[in-house]
Amino acid sequence: MFSYYLDLALRSLRRNRALTALMVLAIALGIGASMTTLTVLHVLSGDPMPGSSGTLFYPQLDPRDMDSYQEGKEPPRQVTWIDGMNLLHAKRGDRQALMTGGAVPVQPAQSSLDPFYSDARYTSSDFFAMFQTPFKYGRGWSEADDDARARVVVISRTLNDKLFGGKDSTGQTLRMKDTPFRVIGVLDSWRPSPHFYDLNMDDYANTEEVFVPLTTSRDLRFDHNGSTDCWGTGGGDEEHAETQPCVWLQFWVQLGDAGKVAAYKEYLTHYSQEQKQLGRFLRPVNVRLPGLMEWLDINKVVPGDVRLQTWLAFGFLLVCLVNTVGLMLAKFLRRAGELGVRRALGASKREVFAQLLVESGVIGLAGGIGGLLLAMIGLWLVRREPSEYAALAHLDVSMLLTTFLLAIGSTLLAGLLPAWRACQITPALQLKSQ
Amino acid sequence: MQIKPILSALRRHKAGTFLIAMQIALTLAIVCNALFIIQQRLTHLSEPTGIDEPNIFIIQNEWVGKGTAEQVDAKMREDLAVLRALPGVQDVTPSNSYPLRGGGWDDSVKLKPDQLQDTTGSTIYFGDDHFIDTLGLQLIAGRNFRPEEITAMDVRDRLGPPVVIVTKALADKLFPDGDAVGKTIYLVGGPTTIVGVVKLLQAQSVDRWASAFAYRSVIVPRRLAISLGGWYIVRARPGQLDAAMRAAPKALFEHNPRRVINDEDGLLSFREVRSRAYERDRGMAILMGVICVVLLAITAAGIVGLTSFWVGQRRKQIGVRRALGATRQDILHYFMTENFLISCGGVLVGALLAIAINLWLVTRFEMHRLSLFYLLTGVVILLLLGQGAVLAPAMRASRVPPVEATRSV
């Protein structure tokens with residue numbers, strides 16, 4: 001029966017090519033636009049740490065003075081050196097890391113390469129284990145290296161390719177800012193997106209190329225990049241950043257289960273109270289412990305323009321569908337005579353209904369294929385844009401399936417009203433008027 | 001033209017009428033808001049920077065190796081001398097930033113030292129006594145910096161210059177009476193005296209978060225000597241921009257090779273700076289424009305399709321009307337009026353929908369309120385579109401011969 005309906009549908013569609021083309025085109029445009037924007041949204045609002053994002057938390061404390069204090073406001077989005085070090089050494093989480101971003105001048109040993117600046121991450125040792133960074137060669141450094149301010153470095157795969165021709169470079173020496181460092185690890189390709197652990201960089205920034213212990217970076221006065229927020233007598237003095245009343249570091253903690261989360265939050269409150277008693281904190285206790293995904297939400301990581309475009313595209317799809325409903329209605333009702341004959345020859349209402357739905361399904365399928373092509377062109381255009389996230393815009397399997405489901409589902413939905421109206425035709429009346 | 005028979009005919013085509021009206025309503029709602037967004041983006045990206053854009057380029061210089069603030073400042077002053085000696089270069093200033101860069105040093109300004117709330121935010125530009133001439137700014141009150149006022153500043157120092165030059169926008173905000181020159185204001189590092197006012201100088205960021213202090217800039221007489229490096233803003237002699245852009249990095253490297261000028265964005269003409277700063281806005285405006293055009297085309301095609309169907313369905317009635325004495329004009333007018341009535345219903349609903357969508361966008365995307373002008377423009381566009389789309393099927397209807405009335409099929 002299905003193949004017979006399919007045959008009927010194809011015949012009918014072929015009979016009125018302009019109208020068919022118009023319907024398919026409308027669906028394809030609507031689907032293409034929606035899928036392009038939806039894919040970008042899907043990529044941008046993705047989970048950067050699938051599997052472990054639920055265990056990563058970002059503690060927030062409020063160490064500021066009472067200047068322009070307002071109750072209930074969010075605490076600073078970074079921590080001071082003193083608080084960061086206190087939380088780090090307290091080791092109340094399963095793992096924890098204190099970090100910040102920067103840039104270091106890399107001086108290659110080869111004379112053929114000019115010195116260049118690389119983005120760097122200064123962090124404590126748990127970073128690699130906590131964020132499950134893949135290693136191509138070697139490993140990260142240890143807590144002892146942190147304490148010893150060791151001159152060790154982990155580099156990215158791209159930097160290893162550039163400087164060491166992709167070979168195992170562990171044990172080799174890398175000069176940065178006139179200081180020799182020993183390479184102890186090379187990361188494999190790793191680009192969590194968004195760049196969740198430090199959103200002061202571009203939200204979808206590439207992973208850093210150089211990783212050195214935070215203590216070492218302070219020892220050598222490596223330049224800090226990112227945001228520094230100061231209050232009171234703080235002036236962002238890089239020389240004495242450890243004691244300045246400024247927040248400029250990110251602190252992440254891994255907590256395995258809900259009990260640990262509650263305990264950690266209690267610990268933060270307790271810590272704040274203690275600091276208040278010591279006279280370091282002046283504001284009422286205000287601690288927060290957002291999880292990774294919540295943290296991305298708070299920071300409004302997904303650009304507003306992208307969300308706006310998605311809404312716009314779905315509005316567009318809606319107009320396209322209304323348009324298709326109108327055209328299908330006209331088409332089906334025009335065939336009242338033919339349908340009347342089928343009814344008179346014994347086809348039930350349900351069979352006529354099924355036949356018409358198959359016809360709209362065919363339009364949906366054709367529209368879906370067209371929409372997929374348009375979405376691919378759309379994504380190609382998006383990838384040519386200059387923004388940091390542009391390169392990430394690729395169609396994956398789930399989005400591919402969504403495209404077809406959306407196309408066929410919405411067209412079937414659009415076919416319901418016209419098909420139902422066409423079924424209501426009384427066969428006798430149609431035959432008589434002929 | 002009698003409207004009553006048209007209405008009673010439409011009552012027999014409820015579904016079709018409703019669909020066309022709804023399509024028009026949705027299209028109007030989307031097109032109005034899209035046009036409004038386009039207009040906002042275009043206004044945004046045509047805001048002036050206040051500087052001599054065609055002749056300016058920017059060099060981002062990063063030092064390699066360690067150095068004290070004194071050493072860095074000495075290297076920087078040598079660079080400035082090298083650049084100023086180039087034939088194609090009119091003037092150079094070192095700075096911490098430049099307009100449209102995207103971010104940088106912003107600071108609060110207060111009128112009294114013990115004020116709790118800041119009076120306003122502001123953009124901090126570092127520059128020497130060549131800053132105003134290099135950027136081509138217009139000094140409208142007071143004086144320029146004197147060479148002896150320019151000193152080097154280390155990151156360790158607090159920002160507390162004895163004198164500053166401010167923009168007119170900032171001066172007006174702080175001293176509405178227009179007597180800013182000679183007054184004292186408080187930056188984060190302490191008090192300072194305004195010695196000059198320039199007409200216009202845009203902020204480093206044109207994003208929405210910085211829009212509260214968009215043109216409120218402070219120029220401080222300092223060279224920022226940090227080992228990371230900084231920017232040189234260069235003004236080429238008229239017509240020699242390309243030559244100067246080629247010569248400048250070469251001369252710098254010849255003088256001192258221990259530096260990095262990034263291939264990607266180390267050397268930018270201001271035209272590139274502008275296009276980078278507004279890339280997203282331009283992209284959004286183009287996208288909105290394309291969506292508008294395609295939507296209107298689809299709606300027009302839908303109207304043509306459905307009206308054609310109605311004409312085909314009513315051939316017999318048209319024939320009867322023609323046989324009874326209706327002229328071709330009458331038939332044409334019938335379909336035009338019919339479409340007009342449906343469109344009117346559509347735009348009425350659409351206008352309400354457009355306002356509703358706009359109100360929602362205002363809450364979710366920090367948009368402005370839709371101005372009535374865009375709503376009316378949208379309404380006119382859609383009414384004209386409807387009439388245009390219906391013209392072809394209506395003409396075909398008017399050509400139906402009266403003899404059609406006598407045919408049985």
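Trainee: How many helices and strands are there in chain B?

Mentor: Chain B has 11 helices and 13 strands. Both are DSSP runs numbered from the N terminus, with helices (H or I) of at least four residues and strands (E) of at least two. This is a predicted model, where local features need pLDDT of at least 70, side-chain atom pairs count only at pLDDT 80 or more, and totals for chains, interfaces and linings use all residues. Residues are numbered from 1 along each chain as its sequence is written, while chains are lettered from A and ligands numbered from 1 in the order in which they are written.

Trainee: Is chain B spread out or compact?

Mentor: Spread out: its radius of gyration is 32 Å, well over the 22 Å from the globule rule for 409 residues, so chain B is more spread out than a compact globule. The radius is taken over C-alpha atoms, and the rule is 2.2 Å times the number of residues to the power 0.38. Along the principal axes, the C-alpha atoms of chain B fill a box of roughly 105 × 50 × 35 Å.

Trainee: What domains does chain B have?

Mentor: Domain 1 is 4–45 + 280–406 and domain 2 is 65–257, with bounds from an automatic or database domain assignment. The centres of the two domains of chain B, over C-alpha atoms, are 55 Å apart.

Trainee: And which domains are in chain A?

Mentor: Domain 1 covers 2–45 + 303–433, and domain 2 covers 53–295. Their centres in chain A, again over C-alpha atoms, are separated by 50 Å.

Trainee: What is the ipTM of the complex?

Mentor: The predictor gives an ipTM of 0.78 and a pTM of 0.79.

Trainee: Last one: which residues of helix 11 of chain A are buried?

Mentor: A:Leu339, A:Gly340 and A:Arg343 are the buried residues of that helix, which spans residues 336–344.

Terms used:
Buried ≥ 20, exposed ≤ 12 C-beta atoms within 10 Å, placed from the backbone.
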